[in-house]
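Please open the model in your viewer and keep the sequence panel beside it. The tour below moves from one selection to the next and says what is there at each stop.

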Amino acid sequence: MKTFFKIISLIVFVVYSSNYFSQATSYCPEQMLLIQKYKTKKYIDALNYIDTALAQCPEKEEDPYFLHLCGFINYNIYKEIDGQSSNSKARPNACDYFIKSINNDNKKQFTALNLKAINSFSISYINDALMILQKSEFKKQSTALTYYNTFKKLKSIAEPDYDFSTISIDFFNGMGRMYKMRYENDKSNSKNFLDSCINYFNKSLALNPSQYTPNYDLGILYHNLGVDIILEELDIDADLEMVILMQEQAVQYFSKSLPFLEKVYKMKPEESSIVQGIAAVYYSLNDMEKHVEYMNILKELESKDSLDD
């Protein structure tokens with residue numbers, strides 16, 4: 001099965017010439033010291049001069065060149081010193097500076113380079129989000145969502161017309177599967193994970209209803225929820241009213257399961273596990289005619305498979 005994780009290469013920026021960074025828009029001695037530290041790749045020293053420069057030259061707070069330079073100082077700390085770590089404080093700082101530079105760049109002198117940098121960071125955020133999902137790092141799942149939202153924010157700035165559908169489908173499916181695993185690891189104490197799992201699969205299907213995997217996962221999930229009520233949650237000595245309520249809830253789950261399984265059956269009509277699942281659902285719904293119909297289909301498929309072997 002194709003993995004949901006898709007690597008997107010991080011754009012590598014060229015360090016621009018020292019002459020480029022020497023063209024300050026207004027003279028500020030502290031800024032010149034900052035530029036000197038930057039040119040000699042003493043990025044931490046350059047970072048430490050930012051607050052000093054702003055204290056001595058407060059007009060630099062709205063200087064697009066100064067903000068642009070601060071962005072690249074943080075960019076290089078993230079890349080060269082922090083090793084592109086997802087925990088680097090320089091990454092969000094760089095993004096903030098690049099955005100401020102754009103907002104103050106009335107003459108559009110630095111906007112193109114700022115946008116390229118922002119796009120680069122957007123890619124790094126979605127990579128980190130998808131890596132968390134690929135590794136099933138349960139404790140970082142909320143962080144993955146934060147990274148995804150940051151990716152969308154930055155990408156929308158860098159490419160206003162960008163189509164998020166494909167990457168969002170991958171992300172939603174990954175989140176859905178992770179919540180599904182967390183729920184199945186501790187069903188009795190993880191009802192909120194179940195709700196989140198269903199929500200993310202539905203968000204994915206809203207973008208592309210014809211996907212096989214989330215339709216299949218939801219079909220099996222709803223069926224198993226109905227079975228769990230009957231086998232695990234319904235006490236033997238439960239009173240009649242409770243039995244009726246629990247049975248009605250189980251039927252609701254079975255009924256929800258059926259459309260998803262029937263959809264994937266149309267996609268893969270020779271997949272035995274799907275036919276078996278549909279047969280089980282009809283049995284649970286007490287529709288014996290349909291149950292027998294799909295059991296016969298299942299027998300034909302299994303007979304065909306044995307002949308092929």
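The stops that follow go from the whole chain to loops, helix pairs and aromatic rings.

This is a predicted model, in which local features need pLDDT of at least 70 and side-chain atom pairs count only at pLDDT 80 or more, while totals for chains, interfaces and linings use all residues. Residues are numbered from 1 along each chain as its sequence is written, and side-chain values use heavy atoms, with hydrogens and water left out.

**Whole chain.** Begin with a cartoon view, where the secondary structure comes to 12 helices and zero strands; helices are DSSP runs of H or I with at least four residues, strands are runs of E with at least two, and both are numbered from the N terminus. Of the 309 residues of the protein, 44% count as buried, where buried means under 20% relative accessible area, exposed means over 50%, and partly exposed lies in between, with a 1.4 Å probe and protein chains only. Among contacts between residues at least 6 apart in sequence, 65% join residues at least 24 apart, a contact being heavy atoms within 4.5 Å.

**Two loop residues.** Select Lys41, in the loop between helix H1 (29-39) and helix H2 (43-56). Lys41 has a positive phi of about 65 degrees although it is not a glycine, and at 58% relative accessibility it counts as exposed. Go on to Gln84, which is found in the loop between helix H3 (64-81) and H4; Gln84 also has a positive phi, of about 60 degrees, without being a glycine, and is partly exposed at a relative accessible area of 34%.

**H4 against H6.** Now select residues 90-104 (helix H4) and 141-158 (helix H6), whose axes come within 12 Å and cross at roughly 25 degrees. That makes H4 roughly parallel to H6. Axes are lines fitted to C-alpha atoms, for helices over the stretch in contact, and angles run from 0 to 180 degrees between N-to-C directions; those under 35 degrees count as roughly parallel, over 145 as roughly antiparallel, 65 to 115 as roughly perpendicular and the rest as oblique. Show side chains, and Arg91, Cys95, Ile99 and Ile102 of H4 are seen to meet Tyr147, Lys153, Leu154 and Ile157 of H6. By class, this contact of H4 with H6 has six nonpolar, no polar and two charged residues; Ala, Val, Leu, Ile, Met, Phe, Trp, Tyr, Cys and Pro count as nonpolar, Asp, Glu, Lys and Arg as charged, and the others, Gly among them, as polar.

**H5 against H6.** The contact includes Phe121, Tyr125 and Ile132 of H5, and Tyr147, Phe151 and Leu154 of H6. By class, the contact of H5 with H6 has 15 nonpolar, five polar and two charged residues.

**Aromatic rings.** A search of the whole structure finds 22 aromatic pairs. Select Tyr162 and Phe164, whose ring centres are 4.9 Å apart with planes at 75 degrees, so the pair is edge-to-face; rings of Phe, Tyr and Trp (its six-membered ring) pair if their centres lie within 6.5 Å, and planes under 30 degrees apart count as stacked, over 60 as edge-to-face and the rest as tilted. Tyr162 is partly exposed at 27%, whereas Phe164 counts as buried at 13% relative accessibility. Finish by selecting Tyr148, Phe171, Phe172, Tyr179, Phe193 and Tyr200, which form one aromatic cluster.
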